[in-house]
Amino acid sequence: MDFHHISVLREETIEHLIGDRDGVYVDCTLGGGGHSCALAERLSEKATLIGLDQDEAAIAAAGKRLSAAKCRFIPVRRNFSHFREVMDELGIAAVDGVMFDLGVSSYQLDVPERGFSYQHDGPLDMRMDRGADISAYDIVNGYSEEALYRIIREYGEERWAKRIAQFIAAARQEGPIERTGDLVRIIKKAVPAGARKDGPHPAKRTFQAVRIEVNGELKILRAAVEAASERLKPGGKLCVITFHSLEDRIVKETLKLLATDCICPPDLPVCTCGHKATMKVNRKPIVPGEAELASNPRARSAKLRTAVRL
């Protein structure tokens, strides 16, 4: 299956991101190259576009899509947590724009073998980097019941986290849980019938939680946004698309801190922290319009947050 991903808020992102058409831009979540292709169309042959992704299928697909780009395109198979190292290796001191499109891609969801989706039966995997040591199988079968409860509650914000963890722990006593379909059936048994009538699929929040744990998504986010902001030229733009409240909260709080001068406790009479604002933040996030939601329901929870380097 080809790497297919419908880029959310594509035009809005590029509109806010682009400044100097001859500049240097970084797509920290290259995916299938949707945002990068739209950006490349607006850049000149003097520009440089760097695309980071830890998924080898994404790097290959984006490389094909961007092979005809008139700007210089540099694909890098690396997680965006290594932003500083990648820029140092490429000898790039400052850039004109950085974008993040967080979460899982349409391709990863739609290919059962990747194990991301509760809609398709496949092996319990969920690794964005298929060379990573820890998979969903290891978490579901190896974490204690208490650890499972914690991640399902915190990362999935799941009301029935305790029951789901209990049911998983009981089910694996009879043998390892190996497939997404098996996990979905266990979750459906754990969530009371009345609670399954309304709202999202009963397995959605648990799958989100396990995926976040597998890929360490929330642990690396704050530092990555800070690293990206540091490398921006004055007037350089930062765009971050989030898909759930946990990652959006981290992005919002990180940008707020970067846009604040003094961070001393309010009862101190004189500032002692020396902290200076480095970013100007557009406070209100951009959300998809009705036309985009009609054509791509997966966009419904997306928020685009933007900021400019001072």
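Visitor: What does contact mean here, and which residues is H35 in contact with, leaving aside neighbours within four places in sequence?

Guide: Contact means heavy atoms within 4.5 Å. By that rule, H35 is in contact with S7, V8, L9, R10, T13, I14, D27, M99, D101 and I241. This is a predicted model, in which local features need pLDDT of at least 70, side-chain atom pairs count only at pLDDT 80 or more, and totals for chains, interfaces and linings use all residues. Residues are numbered from 1 along each chain as its sequence is written, and side-chain values use heavy atoms, with hydrogens and water left out.

Visitor: Is H35 buried or exposed?

Guide: Buried means under 20% relative accessible area, exposed over 50%, and partly exposed in between (1.4 Å probe, protein chains only). H35 has 5% relative accessibility, so it counts as buried.

Visitor: Where is H35 placed?

Guide: Helices (H or I, at least four residues) and strands (E, at least two) are DSSP runs, numbered from the N terminus. H35 is in helix α2, residues 34-40.

Visitor: Where does D53 lie, and what does it touch beyond residues up to four places away in sequence?

Guide: D53 lies in the loop between β2 (48-52) and α3 (56-65). Its partners are T29, L30, G31, A58, I59, V76, R77 and R78. D53 is buried, at a relative accessible area of 12%.

Visitor: Which residues of α3 are buried, and what covers them?

Guide: The buried residues of α3 are A58, I59, A61 and A62. Their cover includes β2 and β3 (72-76).
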